[in-house]
Amino acid sequence: MSTSNWILVTGGAGFIGSNFILDWFATGQPAGVLNLDLLTYAGNPANLASIQHRDDYKLVLGDICDRDIVTRLLADYRPNAIVHFAAESHVDRSIVGPEAFLRTNIEGTFNLLRCARDHYNQLTGDERDRFRFLHVSTDEVYGTLSPEAPAFHENTPFAPNSPYAASKASSDHLVRAWVHTYGLPAIITNCSNNYGPFQFPEKLIPLIISNALQGQPLPVYGDGQQIRDWLYVTDHCSAIRTVLASGRIGETYNVGGGNQRSNLAVVENLCALLDALCLGSPHEPHAQLIRFVQDRPGHDRRYAIDARKIESELHWRATETFETGLRKTVQWYLANPNWIESVSSGAYQHWIQSNYATRAHLAEAGAR
Ligand code: NAD
Ligand code: DAU
């Protein structure tokens with residue numbers, strides 16, 4: 001089936017973007033998907049192999065900073081919406097090399113906004129009423145919380161602490177300015193930590209699963225008592241669809257699942273799941289592999305999301321609990337060892353070497 005009805009997704013070959021596109025088709029959404037992705041180390045078109053032959057899906061290899069490509073795609077396909085995921089997304093990499101984060105996350109978002117504005121200005125009638133720019137952002141723009149502080153809400157002041165968080169906060173400010181100054185119909189979502197299938201194994205949960213399966217050390221930064229608020233990735237995808245369909249222009253919606261866990265508790269949960277699901281593993285009990293290593297510089301202590309606005313206004317709810325989501329995630333990685341292998345290229349090995357070789361082990365689990 002071909003279509004003249006499209007949305008433009010940026011960064012759709014990454015972790016959340018590819019889950020979003022697979023879910024978009026699985027839930028029968030009435031528009032094709034144009035996926036603009038530069039296929040950096042984090043982008044993997046194989047994630048989308050099951051839909052790559054559809055007439056209403058197209059992957060375009062290109063950079064969101066490229067004005068010509070974005071202008072041409074908007075003119076040729078006249079999408080109803082831009083759903084903007086493309087970013088450099090790993091905090092540790094932003095500490096080692098912030099340049100790429102400033103370029104893609106700030107300059108890239110600026111380029112999309114100026115192209116979207118030019119496009120929107122020549123739309124009329126239904127096409128103009130329908131058009132939306134949805135900017136996918138993070139809870140990290142709000143900074144860090146003390147243990148007893150209330151969760152981040154949409155009016156919490158920005159206080160980004162890492163180069164990644166600062167670059168995302170900058171992009172959020174640009175989007176806000178394009179709404180207020182130019183009337184671009186944009187909406188922002190700020191979500192907490194996602195987990196699930198297709199997450200690159202530089203991030204905590206897939207890294208721990210991948211290392212544990214190989215009997216490698218499980219690195220926990222600092223004392224492991226930092227808290228993150230975990231959301232299963234398809235719940236984030238349904239939140240984005242909900243905001244796209246009925247979110248109010250110019251608004252921000254916080255998205256989270258109400259699952260605050262310390263990093264150590266997450267790692268211990270994963271080890272217990274692997275013990276249960278990999279009977280007879282030579283590495284059992286997997287918790288023996290836990291190692292406390294030197295902390296991330298400027299490490300935020302706690303994130304927590306107050307999602308009452310999207311829940312009450314748009315009737316969105318997360319459907320997975322942390323327990324069901326984590327079990328599904330581990331089962332997916334166990335069923336897809338080739339996926340981990342295919343993304344663990346020489347460049348990945350180089351990153352793991354450089355990130356962890358310099359982190360002195362502080363103590364073994366239980367010996368703190
Ligand atoms: P990811 O790193 O897995 O994927 C990023 C994708 O963007 C990749 O496919 C990559 O090839 C592409 N990309 C990078 N630079 C590009 C460029 N210049 N032009 C075009 N494409 C480019 O990221 P993710 O974890 O899927 O995150 C997606 C978005 O969601 C990001 O904006 C991130 O800030 C946000 N977010 C992530 C989380 C999370 O827990 N992962 C939580 C909240 C918000
Ligand atoms: O909060 C949303 C953010 O979540 C997104 O905006 C980011 O794109 C995404 O990467 C994620 O950022 P975090 O820094 O929270 O995710 P990461 O998986 O890198 O780390 C999760 C926690 O685990 C964090 O406190 C650091 C810790 N950690 C991480 C790694 C990779 C470890 O203890 N050991 C590790 O080896």
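Colleague: What should I know before I start?

Modeller: The model is predicted, so local features need pLDDT of at least 70 and side-chain atom pairs pLDDT 80 or more, while totals for chains, interfaces and linings use all residues. Residues are numbered from 1 along each chain as written, chains are lettered from A and ligands numbered from 1 in written order, and side-chain values use heavy atoms, leaving out hydrogens and water.

Colleague: How many helices and strands does the chain have?

Modeller: Helices (H or I, at least four residues) and strands (E, at least two) are DSSP runs, numbered from the N terminus. Here there are 13 helices and 14 strands.

Colleague: How do I read two packed helices?

Modeller: Two packed helices are described by the angle between their axes and the distance between the axes. Axes are lines fitted to C-alpha atoms, for helices over the stretch in contact, and angles run from 0 to 180 degrees between N-to-C directions. Helix H7 (residues 204-213) packs on H11 at about 50 degrees, with the axes 11 Å apart. That makes H7 oblique to H11. Angles under 35 degrees are roughly parallel, over 145 roughly antiparallel, 65 to 115 roughly perpendicular, and the rest oblique.

Colleague: Which residues of H7 and H11 make the contact?

Modeller: Contact means heavy atoms within 4.5 Å. H7 gives Ile205, Pro206, Ile209 and Leu213; H11 gives Leu326, Thr329, Val330, Tyr333 and Leu334. By class, eight are nonpolar, one is polar and none is charged. Ala, Val, Leu, Ile, Met, Phe, Trp, Tyr, Cys and Pro count as nonpolar, Asp, Glu, Lys and Arg as charged, and the others, Gly among them, as polar.

Colleague: At what angle do H9 and H11 cross?

Modeller: Helix H9 (residues 263-277) and helix H11 (residues 322-335) cross at roughly 55 degrees, their axes coming within 10 Å. That makes H9 oblique to H11.

Colleague: Is Asn35 buried or exposed?

Modeller: Asn35 is buried, with a relative accessible area of 0%. Asn35 sits in strand E2 (residues 32-37). Asn35 and Ala13 are 22 residues apart in sequence, yet 7.7 Å apart in space, C-alpha to C-alpha.

Definitions and conventions: Buried means under 20% relative accessible area, exposed over 50%, partly exposed in between (1.4 Å probe, protein chains only).
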